[in-house]
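Trainee: Could you walk me through this one? I have not looked at it before.

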Amino acid sequence: MRTGVFFCQVENGKNLNVDAIAKYTANLPGVEFVQILGTAARIEVNVLTDLIKMKSLERVVIAGDMPGYFKPVFTKAMALAGGNTDEIQLASFKERGASGEFAQDRAKAVIACASMAVPFSLVAIPAGNPVNHSTLVIGAGIAGIQAALEIANAGKQVYLVEQTGTIGGHMAMFDKTFPTLDCAACILTPKMVSVGQHEMIHLLTNSNVTEVTGKPGSYRAKIHQRARRIDVKSCVSCGLCVDVCPVKVESEFDAKISLRKAVYIPFPQAVPNAFLIDEKNCTYVLSGGKKCGVCVNKCPKECINLDEIDKIIDIEVGNIVLATGYELLDVGKIEQYGYGVYPDVLTSLEFERLTNASGFTGGKIVTKTKRFNKRTQQEEWFFSPDGVPPRNVAIIHCVGSRNKKYNAYCSRVCCMYSLKFAHLIKEKIPNANCYEFYIDMRAFGKGYEEFAERIKQEGTFVVRGHSAFVTMNNGQMVVRGEDIINDKMVEFQVDMVILAVGLIPASGNEELSRILGITRDSDGWFSELDYNGSPTDTEKGCIYVAGMCQGPKDIPDTVAQAAAVAAGVLRTITSGKGVGHLSSLSLNEIETRAKNIHTLSGGHYVNQS
Amino acid sequence: MSIRVNPRFINDLVLFGAEDVQLCYHCGDCSTVCPHADEVYKFPRKSMRQLQMGLERKIETTLEPWLCYYCGQCSEQCPREAAPGETMMSLRRWLISRYDFTGIAKQFFKSRMTEVITIICFALLTGVFLLYYGYSMGNFHIYDGEGAFLSSSFIHEFDLTLGSLLLIFLAINAFRMWYFTMIKGTKIPVPWWLYLKELYLLPWHFFTQKRYSECESKRDPKIFMPWIIHLGLMLGYVIMLVLVMVFIERLQSGPAIQWQVHIFGYIATIGLVTGTIYFIRSRLNKTYEQYKKSHGTDWVFVVLLFFIVLTGIAQHIFHRTGLYELANITYIAHLMCVVPWLLRMPFSKWAHLVYRPLAMYFAAIRRDAITSRESLLKSNSVSIK
């Protein structure tokens with residue numbers, strides 16, 4: 001079949017040489033014509049039509065990072081040239097993981113398959129390996145918990161590694177979930193408890209994965225467990241140690257808007273339900289055992305051992321699940337919103353902790369109060385349960401998201417949680433005014449649009465237009481914006497500004513990708529094997545991604561993906577075959593297999609199905 | 001009323017220097033940071049929208065592009081890097097070409113080649129004509145007074161002829177601007193006395209460029225330098241224009257310095273020299289947002305002006321130091337730059353000297369008309385509706 005290959009919007013990269021690929025392509029059987037169309041976004045239909053006619057092409061392969069974008073043009077041209085429009089084949093580099101060290105060969109393989117009209121996913125199936133039945137789950141947020149529980153409930157051993165002192169992740173910090181307004185803790189804590197009690201789950205908190213060796217199906221992982229310095233088994237969380245501890249630091253669990261001691265429990269429902277010592281701030285640890293140590297004497301159960309040392313744990317696992325989650329973008333660098341300058345400009349997570357019924361204000365939404373800090377001799381702002389509730393609150397969407405300077409991508413959850421915030425404010429302070437500044441309302445999920453409509457009906461002022469900055473006028477914060485729908489410039493005096501800050505991959509992802517050899521996309525999220533076909537698998541065999549670490553997603557999607565990962569893990573265990581690395585397949589092998597399928601199907605694999 | 005849409009308008013505007021307008025997703029950040037956007041004139045987002053929709057006939061009647069002085073804050077903020085500031089700038093260029101009834105401006109903006117070749121042609125023509133005239137009427141070794149190579153009375157007549165030609169072009173273009181914006185663009189009735197009431201704005205904006213300084217009202221730290229330099233350059237230019245058009249005979253007489261006239265010339269020269277050097281340097285170094293992208297016509301504007309100033313200074317020095325031959329040569333070079341420059345005036349960026357104050361004036365009239373109508377509607381809401 002006379003085939004023409006067109007390269008659209010591909011650039012030479014570190015590992016990608018387009019000219020070399022074009023040369024290789026020209027030698028493929030049936031390929032009559034190869035053209036590199038460069039990075040131009042627009043392709044003229046008439047030119048293409050003439051080309052197809054002139055070269056009498058019967059099949060067209062569009063190769064590039066986003067070939068689907070150009071398909072309509074080629075289909076039109078093919079139709080005008082009188083060809084079969086079913087013979088437009090896409091060779092997507094991005095989707096098939098043609099980046100990183102294997103980019104060149106992968107791109108070639110993808111084009112080879114497309115030129116024979118054989119689906120790449122049908123050909124590129126690496127050979128299986130025998131599988132160890134235990135699984136390593138990295139990250140114990142809702143994704144890790146869900147995956148671990150699904151696998152453990154099937155009777156298989158799971159090692160759940162978490163870097164903080166408790167499992168639960170970000171979801172444990174939330175007050176309500178959208179769009180149902182269920183209490184987040186009511187969903188999460190039972191799962192946390194069952195993780196803590198499960199006989200098949202080996203929980204490793206305060207731990208990091210430092211090294212992974214071996215091959216798919218039989219990985220060996222080194223886990224560095226930092227000393228907790230409190231015996232988990234005997235600690236009864238009485239809290240006597242906290243009373244005597246002299247060190248105060250910002251609480252990570254409360255998004256740094258409240259203080260905790262150096263000996264602490266992140267939150268009362270933490271799993272494992274035991275205290276731990278913050279080694280970075282404990283006076284005893286920092287002084288090398290010379291100072292303090294008062295908590296040791298106070299503990300009635302004698303479970304504090306401040307001299308405990310870190311452990312290295314070696315485990316053997318068959319599958320690895322990545323569920324490392326996300327972080328908030330550092331909003332301090334987006335200066336125009338005055339975060340860190342004006343006291344009552346909060347990030348979304350800070351507000352989430354403020355409004356949480358189990359938070360330190362008891363769920364009361366208040367503005368910050370000023371107090372004099374005797375130690376630093378400076379005035380500082382802090383949240384007091386007796387603070388003044390805000391009368392006007394502005395919520396600004398897309399802070400750092402959909403912005404070429406910070407995150408080009410949409411963080412996906414901000415619109416909905418911002419609407420949820422408006423609801424919570426209206427619920428707790430009925431006469432407060434709430435202004436939502438949005439660019440586009442992305443209520444994409446089941447029940448989300450209805451939720452958005454409901455919030456609008458509750459009397460929230462929803463302004464189509466992004467506010468560009470927050471200013472202070474005589475002690476009163478002012479938010480200015482353009483109300484595009486009503487064609488007005490608006491200016492609101494507000495007491496509190498909540499920034500719907502964009503999400504970025506967790507900071508440990510870079511190291512993990514190095515340890516595991518997993519590729520990350522340009523934004524830093526872990527790359528899945530195939531965006532549509534296998535969204536939970538990765539390039540590496542028997543390594544899976546679940547939840548936010550693969551890309552921003554909400555809780556229902558995270559849980560669904562985690563469950564899907566569990567299915568993949570269990571599939572390898574029950575079949576006894578763990579899928580190998582995709583890179584273990586050589587270009588030659590892929591080509592030969594594609595050719596076999598091509599000849600077996602008479603050259604019309606796709607059309608037959 | 002239906003409105004005609006030109007779907008290719010954005011593509012056309014690229015020739016005038018516009019960036020990818022389609023990038024804009026209408027967050028409104030640019031309008032929010034703009035110190036000049038208000039209830040009546042909301043821009044740049046609205047202009048971006050009109051562009052995306054291809055409302056060519058609508059944009060033709062708007063005054064918003066002229067209300068923007070390009071401080072660059074919108075482009076700095078833009079999350080899509082769609083460069084709204086540059087879009088407003090290119091809209092101004094496009095409007096200049098729209099106001100121009102001859103269509104020459106459009107050709108100049110669209111093709112650098114046409115513009116440069118025209119300039120060179122006119123420069124050579126001028127040079128040849130002046131040499132011919134000089135040799136037939138005067139002596140190459142005499143600069144001023146009796147038997148001068150180029151006598152100042154001849155130059156005076158020459159200048160006035162050019163000046164009136166320009167004035168005719170400009171007046172017609174300004175009239176077209178008024179027709180587009182105030183007749184076609186202002187749908188509500190405008191009482192005649194509003195034209196008188198706001199008349200003071202014309203000289204006010206012309207001589208102070210107050211609005212340019214207001215660009216900095218929201219920025220911190222404030223960058224006043226472009227405004228001061230621009231004002232200096234403009235005032236210097238106007239003083240020089242008056243001197244050349246009216247006092248040329250005194251300006252060019254005798255080797256001795258005529259302080260009553262020349263002092264103004266020196267002051268103007270300071271403004272012109274600092275201005276041209278500052279703008280050329282800024283455009284080269286891309287110091288601020290507004291200097292980061294330079295359309296070809298911007299370069300022609302500053303560089304040609306710089307040559308004019310340079311040759312002007314040179315002929316003045318040679319004249320005063322008695323090097324008459326050199327003075328004559330530099331003077332011809334000077335005029336070779338000046339004539340194309342003057343002839344190019346109504347068709348180029350230079351025309352904003354006229355359009356901008358006019359736009360402020362019209363904008364104020366339109367605003368008055370709108371607000372008075374709104375208050376009328378409020379007080380008699382039933383009877384009028």
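This is a predicted model: local features need pLDDT of at least 70, side-chain atom pairs count only at pLDDT 80 or more; totals for chains, interfaces and linings use all residues.

Trainee: Helices first. How do H14 and H16 of chain B cross?

Mentor: The axes of H14 (residues 225-246) and H16 (residues 259-285) of chain B come within 7 Å and cross at roughly 140°. Helices (H or I, at least four residues) and strands (E, at least two) are DSSP runs, numbered from the N terminus. Axes are lines fitted to C-alpha atoms, for helices over the stretch in contact, and angles run from 0 to 180 degrees between N-to-C directions.

Trainee: What does that make H14(B) relative to H16(B)?

Mentor: Oblique. Under 35 degrees counts as roughly parallel, over 145 as roughly antiparallel, 65 to 115 as roughly perpendicular, and the rest as oblique.

Trainee: Which residues in H14(B) and H16(B) meet?

Mentor: Among them are Gly232(B), Leu233(B) and Gly236(B) in H14(B), and Ala268(B), Gly271(B) and Leu272(B) in H16(B). Contact is taken as C-beta atoms, placed from the backbone, within 7 Å. By class, this contact of H14(B) with H16(B) has 14 nonpolar, 7 polar and no charged residues. Ala, Val, Leu, Ile, Met, Phe, Trp, Tyr, Cys and Pro count as nonpolar, Asp, Glu, Lys and Arg as charged, and the others, Gly among them, as polar.

Trainee: On to sheets. What is the strand order in the 5-strand one in chain A?

Mentor: That open sheet runs S8-S7-S6-S16-S29, with parallel pairing. Strands pair if DSSP finds at least two bridges between them. S8 (201-204) and S29 (543-545) of chain A are the edge strands.

Trainee: How many bridges join S6 and S7 of chain A?

Mentor: S6 (residues 135-138) and S7 (residues 158-161) of chain A pair over 4 bridges. Leu136(A) stands opposite Tyr159(A) in S7(A). Helix H15 (residues 555-575) of chain A packs on this sheet, touching S6, S16 (319-322) and S29.

Trainee: And the order of the 3-strand sheet?

Mentor: S24-S25-S26 in chain A, open and antiparallel. S24 (469-473) and S26 (488-494) of chain A each have a single partner strand, so one side of each is left without a neighbour in the sheet. S24(A) and S25 (residues 476-483) of chain A share 5 bridges, and Thr471(A) has Val478(A) as its bridge partner in S25(A).

Terms used: Residues are numbered from 1 along each chain as its sequence is written. Chains are lettered from A and ligands numbered from 1 in the order in which they are written. Two residues are in contact if their C-beta atoms, placed from the backbone, lie within 7 Å.
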